[in-house]
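Colleague: I would like to go through this model feature by feature. Please give the general idea each time, then the case at hand.

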Amino acid sequence: MKLTLGFSPCPNDTFIFDALIHHKIDTEGLEFEVFYDDVETLNQKAFRGELDITKLSYHAFAYVADKYVLLDSGSALGFGVGPLLICKDDPENLQAQLQTANCKLQIGIPGKYTTANFLLGLAFPNATNKVELVFSDIEDAVLEGRVDVGLIIHENRFTYQDKGLKKIIDLGDYWEKQTGYAIPLGGIVASRNLPADVQHKINRVLRKSVEYAFANPKSGLDFIRQHAQEMSEEVMYKHIELYVNKYSVELGEEGRKAINLLFDTAVEKNIIPSIKEKIFLT
């Protein structure tokens, strides 16, 4: 059985999926046609129901829970992994401006439906002057003055300081202090059109792929490097260490509580519609 699969070229995703797509584990008869896209492109594909299995932002998942069910493996949740708001100069002054009722600052964001943008809305509800950019272009947009503030995700956490940029706030830290829970960033979902036994098979195979990656961390190095944007091996594995953890093997009760809290908070603040479907596979 061949299934379409979408995930990002970022090191955490290529680390997780390497064993699965290269048959380093038993895929139980499943084959995969792979699409590599940035997270907002994957979100848009999910809205259209284009892929059988896909990575997507938890924010976006709220809008497609009728089409997809969340797998127990493969998610990115964690502490100290959230998006950062960055600037060129005077972070204290800019943070004060972001808190004003008529904030006019232009903010570069990695996509409307990213969890990063959801957290931005929670922390600074009046900061609504946003422009959507590919996540890897945001640092340069700040440096060149095309936006006042940038919302960065993924490996840019490790590179912004090298470019002379400064942190205004860590929005993951903001969430953790507000809730005490890990921040749910992205998950892996399977189409509800697939038979239940296939959904569970995908989940089993994905878990084996994550476990293989942990047991053989350098096995996928060439594959990870091939898709990573220009970064050293040290930065690639820092990125992996940050985003791939126990929640990637299985969400567990704690992970599911964090996700439910994220959605309950977003519904309460009218950021997302209420979700009627059962969202978890297990």
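Modeller: Start with burial: buried means under 20% relative accessible area, exposed over 50%, and partly exposed in between, with a 1.4 Å probe and protein chains only. This is a predicted model, in which local features need pLDDT of at least 70 and side-chain atom pairs count only at pLDDT 80 or more, while totals for chains, interfaces and linings use all residues. Residues are numbered from 1 along each chain as its sequence is written, and side-chain values use heavy atoms, with hydrogens and water left out.

Colleague: Is Arg 157 buried or exposed?

Modeller: Arg 157 counts as buried because its relative accessibility is 15%. The residue sits in the loop between strand S9 (149-152) and strand S10 (166-170). Helices (H or I, at least four residues) and strands (E, at least two) are DSSP runs, numbered from the N terminus.

Colleague: Which backbone oxygens lie by the polar side-chain atoms of Arg 157?

Modeller: A polar contact is a pair of N or O atoms within 3.5 Å; within protein, one must be able to donate a hydrogen and the other to accept it, and residues adjacent in sequence count only if both atoms are side-chain atoms. For Arg 157, the backbone oxygen of Gly 82 lies 2.4 Å from a polar side-chain atom, and that of Gly 80 lies 3.2 Å from one. Contact in general means heavy atoms within 4.5 Å. Leaving aside neighbours within four places in sequence, Arg 157 is in contact with Gly 80, Val 81, Gly 82, Leu 84, Ile 152, Asp 170, Leu 242 and Tyr 243.

Colleague: How is a nonpolar core read, and which residues touch the most other members of the largest one?

Modeller: In soluble globular proteins, nonpolar side chains tend to be buried together. A nonpolar core is a set of buried Ala, Val, Leu, Ile, Met, Phe, Trp, Tyr and Cys residues joined through side-chain atoms within 4.5 Å. The largest core has 57 residues, and Phe 61, Leu 85, Leu 98, Phe 124, Leu 171, Ile 259 and Phe 263 touch the most other members. Helix H5 (residues 115-123) gives the most to this core, with 6 residues. Another core, of 36 residues, lies apart from it and includes Ala 19, Leu 20, Ile 21 and Leu 194.

Colleague: What does Phe 61 touch?

Modeller: Not counting residues up to four places away in sequence, Phe 61 touches Leu 56, Tyr 68, Val 69, Leu 70, Val 189, Phe 263 and Ile 279.

Colleague: Which residues of helix H2 are buried, and what covers them?

Modeller: An α-helix has 3.6 residues a turn, so residues three or four places apart point the same way. In H2 (residues 39-47), the buried residues are Val 39, Glu 40, Leu 42, Asn 43, Lys 45 and Ala 46. Their cover includes strand S1 (2-7), strand S2 (31-36), strand S3, helix H3 (58-64), strand S4 (68-70) and strand S8 (130-132). At the N-terminal end, Asp 38 caps H2 with a side-chain oxygen 3.1 Å from the backbone nitrogen of Glu 40. After H2 comes Gly 49, with a positive phi near 65°.

Colleague: Which residues other than glycine have a positive phi?

Modeller: Asp 90 is one of them, with a phi of about 55°. Asp 90 lies in the loop between strand S6 (84-87) and helix H4 (91-98) and is partly exposed, at 40% relative accessible area. Asn 270 is another, with phi near 60°. Asn 270 lies in the segment after helix H12 (252-268) and counts as exposed because its relative accessibility is 70%.

Colleague: How are cavities found, and how many are there?

Modeller: On a 1 Å grid over the protein atoms alone, a cavity is a set of points where a 1.4 Å probe fits but cannot get out; lining residues have an atom within 4 Å of a point. Grid points are joined across faces, edges and corners, and a volume is the space filled by probe spheres set on the points. By this rule there are 3 cavities of 30 Å³ or more. Of its 20 lining residues, Val 39, Ile 153, His 154, Leu 185 and Gly 186 are the closest to its centre. S3 supplies the largest share of that lining, 3 residues.

Methods: On a 1 Å grid over the protein atoms alone, a cavity is a set of points where a 1.4 Å probe fits but cannot get out, and a pocket is an open set with protein on both sides within 12 Å along at least five of seven lines; lining residues have an atom within 4 Å of a point.
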